[in-house]
Amino acid sequence: MYYNYVLYSLKDGGLYIGQTGHLIQRTKQHQLGKVTSTRSRRPFVLVYWEKVSSREQALKREREWKTSKGRRYLKERLKNRLLK
């Protein structure tokens with residue numbers, strides 16, 4: 001199984017989109033500052049994830065989410081979660 005995930009930065013209010021085969025482990029890496037691209041944006045909250053069956057599907061979904069249409073989709077899905 002692979003996962004697509006969205007992290008919400010409590011520092012800057014931005015979203016980080018990624019994919020992994022080990023969701024809990026990868027989220028911990030982000031929190032501990034072991035991921036260069038997100039180190040300065042900590043702390044994070046895992047706000048959304050989807051499970052897919054293959055890495056190819058996860059990569060495709062990640063690319064979709066990183067488009068302007070994909071970001072609009074995510075922001076609409078997350079609207080209620082981020083307001084709490």
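These legends describe close-up views of one predicted protein model.

Residues are numbered from 1 along each chain as its sequence is written.

**Figure 1. Overall fold of the protein.**
The protein has 3 helices and 3 strands. Helices (H or I, at least four residues) and strands (E, at least two) are DSSP runs, numbered from the N terminus. The order from the N terminus is β-β-α-β-α-α. A compact globule of 84 residues would have a radius of gyration near 12 Å, and the protein agrees, with 12 Å. That radius is taken over C-alpha atoms, and the globule rule is 2.2 Å times the number of residues to the power 0.38. Along the principal axes, the C-alpha atoms fill a box of roughly 30 × 30 × 20 Å.

Of the 84 residues, 38% count as buried. Buried means under 20% relative accessible area, exposed over 50%, and partly exposed in between (1.4 Å probe, protein chains only). The protein exposes about 5,700 Å², and carbon and sulfur atoms supply 51% of this area. Accessible areas come from the Shrake-Rupley method with a 1.4 Å probe; for residues, only the protein chains shown count as cover. Contact means heavy atoms within 4.5 Å. Among contacts between residues at least 6 apart in sequence, 58% join residues at least 24 apart. The protein carries 21 positive and 6 negative charges, and their mean positions are 6 Å apart. Lys and Arg count as positive, Asp and Glu as negative; His and the chain ends are not counted. Each charge is placed at NZ of Lys, CZ of Arg, CG of Asp or CD of Glu.

Gln-19 sits in E2 (residues 15–20). Its relative accessibility is 15%, so Gln-19 counts as buried. Not counting residues up to four places away in sequence, Gln-19 touches Tyr-2, Tyr-3, Asn-4, Tyr-5, Arg-55, Ala-58, Leu-59 and Glu-62. Glu-62 belongs to H2 (residues 55–65). Glu-62 is buried too, at 13% relative accessible area. Beyond its neighbours within four places in sequence, Glu-62 contacts Asn-4, Ile-17, Gly-18 and Gln-19.

Ala-58, Glu-62 and Trp-65 are the buried residues of H2. Down the helix axis they fall within an arc of 65 degrees, so they line one face. The arc is that of the directions from the helix axis to the C-beta atoms. An α-helix has 3.6 residues a turn, so residues three or four places apart point the same way. The face turned away from the buried side of H2 carries exposed Glu-56, Lys-60 and Arg-63.

**Figure 2. The buried face of helix H1.**
H1 (residues 23–31) has Leu-23, Thr-27 and His-30 as its buried residues. Seen down the axis, these lie within an arc of 55 degrees, so they line one face of H1. They pack against strand E1 (2–9), E2 and strand E3 (44–52). Thr-27 has a relative accessible area of 14%. Not counting residues up to four places away in sequence, Thr-27 touches Leu-7 and Leu-46. From Thr-27 to Phe-44, the C-alpha distance is 8.5 Å, across 17 residues in sequence.

Just after H1, Gly-33 takes a positive phi of about 80 degrees. Gly-33 is buried, at 11% relative accessibility. Leaving aside neighbours within four places in sequence, Gly-33 contacts Arg-39 and Arg-42. The peptide bond from Arg-42 to Pro-43 is cis, with omega near 0 degrees.

**Figure 3. Lys-79 in helix H3.**
Lys-79 lies in H3 (residues 68–83). Lys-79 is partly exposed, with 41% relative accessible area. Lys-79 and Ser-9 are 70 residues apart along the chain, and their C-alpha atoms are separated by 15 Å.

How values were computed
This is a predicted model: local features need pLDDT of at least 70, side-chain atom pairs count only at pLDDT 80 or more; totals for chains, interfaces and linings use all residues. Side-chain values use heavy atoms; hydrogens and water are left out.
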